[in-house]
Amino acid sequence: MGVSEKKSSEAAFDVPTLNAENLQSNMKVIYYSRTFMSIIGGVIAGILGFTGLTGFIFYFLIMTVTSVGLIAKTGFTVYSYFDSWSQIILDGFLGGLLSFVLFWTFAYDLVHIF
Amino acid sequence: MAADLVLDTAIRDWVLIPLSVVMVLIGVLRYFVSKLMRSNQVPDAKIVKEGQLIIRARNLRAAANFIPPKSFRARRLYYNNEENGLLIVPKGQAQNPQAQMYSDPNMAMDMMKKNLSMIIPQTLTFAWVNFFFSGFVAAKIPFPLTQRFRSMLQNGIDLSTVDVSYVSSRSWYFLNLFGLRGLFSLILGEENAMDDTQKMMQMSGFGFDPSKSLGAEKDSLDIVQHDWALPKFEHRAEAVLRKLAR
């Protein structure tokens, strides 16, 4: 009940109260942590020897963990740091994929192929 | 699926690892070289002034709802009135950016330096890879791909029977070239060399016209729908206090 009430009040007083520069800095933090996690996740996936679809599922899992971590970092009050939920969950998702694939391939080749 | 290839461990030690390490090191080197070559020119006072003016107008637009209607109208008049508003550029005085670029050779020089610092290392590395490592199967991608990717991943190997997921060394170079961008943004800070050049290309060289951006800012300031937020905030405060008191 409390949540829905908060939502309605957010809609009623629809005034942007976020500082644009701070918002940008927050976005930067998101991109940074996503890139970091995708590289680390790629190395882990390669060492564990995931192939095919398993690896991509692992990437998805890593990104979910990152999102949950970020949300926990905001203290579950996303609206005081970001405009919307989609920003914290989706941004930087595809950008990290290339790094993930590269490091996945690299670690996999070093450990398993030769 | 074709039978698995057996790759020599020497390929790993002498091709795969050196190639990746060299790519990373060259990226770092390029970052520092482009940092060294960047000439810090003294900015033109007029341009800086106009930039600051635009920022001020934008701030007013963003925070319009936090001031009373009368104050907002006064400020808008200050920027927008037809006689001596700050955002009004007198006709004929507007500078042609193209001419400005020609008159300032430093600008073109700077751009050329930046482009060169991108292109030269890439050509050199590509030539190096081509000379030493052409024709190797260097790596294997851990997921299957369709035949369409063959030209992308097996650049330099002309065998149609090799499974597509094997990657030639030249293609491994390309994968590194694109995939290491994330790593660079981690180890070199956010504004690493590559993003920097892209931003510069957009900003400086091609058509940054101060009078035009002033006009655009004026137009968007004109159409702001002013709606003072303070009365609503009283309601909001009341709601919050009621919730607390309950």
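Two residues are in contact if their C-beta atoms, placed from the backbone, lie within 7 Å. By that test, 26 residues of chain A are in contact with 26 residues of chain B. The model is predicted: local features need pLDDT of at least 70, side-chain atom pairs count only at pLDDT 80 or more, and totals for chains, interfaces and linings use all residues. Residues are numbered from 1 along each chain as its sequence is written, while chains are lettered from A and ligands numbered from 1 in the order in which they are written.

**Confidence**

- pLDDT is the predictor's confidence in each residue, from 0 to 100.
- The predictor gives the complex an ipTM of 0.74. The pTM is 0.73.
- Chain B has a mean pLDDT of 78, with 82% of its residues at 70 or more.
- Within chain B, confidence is highest in helix α3 (residues 69–80), at a mean of 88. It is lowest in helix α9 (residues 193–205), at a mean of 48.

**Chain make-up**

- Helices (H or I, at least four residues) and strands (E, at least two) are DSSP runs, numbered from the N terminus.
- Chain A has five helices and zero strands. Its pattern along the sequence is α-α-α-α-α.
- Chain B has 11 helices and two strands. From the N terminus, its elements run α-α-α-α-α-β-α-β-α-α-α-α-α.
- A residue is buried if 20 or more other C-beta atoms lie within 10 Å of its own, exposed if 12 or fewer, and partly exposed in between; these C-beta atoms are placed from the backbone.
- Of the 114 residues of chain A, 28% are buried. Of the 246 residues in chain B, 19% are buried.
- Take contacts between residues at least 6 apart in sequence. In chain A, 78% of them join residues at least 24 apart. In chain B, 73% of them do.

**Where chain A touches chain B**

- 26 residues of chain A take part in the contacts with chain B. The elements giving two or more residues to this side of chain A are α2 (20–48) and α5 (95–113) of chain A.
- α5(A) gives the most, with 12 residues.
- By class, this side of chain A has 15 nonpolar, nine polar and two charged residues. Ala, Val, Leu, Ile, Met, Phe, Trp, Tyr, Cys and Pro count as nonpolar, Asp, Glu, Lys and Arg as charged, and the others, Gly among them, as polar.

**Helix α5 of chain A**

- α5(A) has 19 residues and reaches 27 Å from its first C-alpha to its last. That is close to the 27 Å expected at 1.5 Å a residue, where the expected span is 1.5 Å times one less than the number of residues.
- Its buried residues include Gly96(A), Phe103(A), Trp104(A), Asp109(A) and Ile113(A).
- The buried residues of α5(A) pack against α2 and α3 of chain A, together with α1, β1, α7 and α8 (181–187) of chain B.

**Largest nonpolar core**

- A nonpolar core is a set of buried Ala, Val, Leu, Ile, Met, Phe, Trp, Tyr and Cys residues joined through C-beta atoms within 7 Å.
- The largest has 32 residues. Those touching the most other members are Phe103(A), Trp104(A), Val15(B), Leu19(B), Ala138(B), Val167(B) and Trp172(B).
- Elements giving two or more residues to this core include α3 (53–73) of chain A, and α1 (9–37) and β1 (137–140) of chain B.
- α5(A) gives the most to this core, with eight residues.
- Beyond its neighbours within four places in sequence, Val15(B) is in contact with Phe133(B), Phe136(B), Ala138(B) and Ser169(B).

**Helix α3 of chain B**

- α3(B) has 12 residues and reaches 16 Å from first C-alpha to last, close to the 16 Å expected.
- Its buried residues are Phe72(B), Arg76(B) and Tyr79(B). They cover an arc of only 60 degrees around the axis, so they sit on the same side of α3(B). The arc is that of the directions from the helix axis to the C-beta atoms.
- On the other side of α3(B), Lys70(B), Arg73(B), Ala74(B) and Leu77(B) are exposed.

**Single residues**

- Phe76(A) lies in the loop between α3 and α4 (85–90) of chain A. Phe76(A) is not a glycine, yet has a positive phi of about 60 degrees.
- Phe76(A) counts as exposed because it has 7 C-beta neighbours inside 10 Å.
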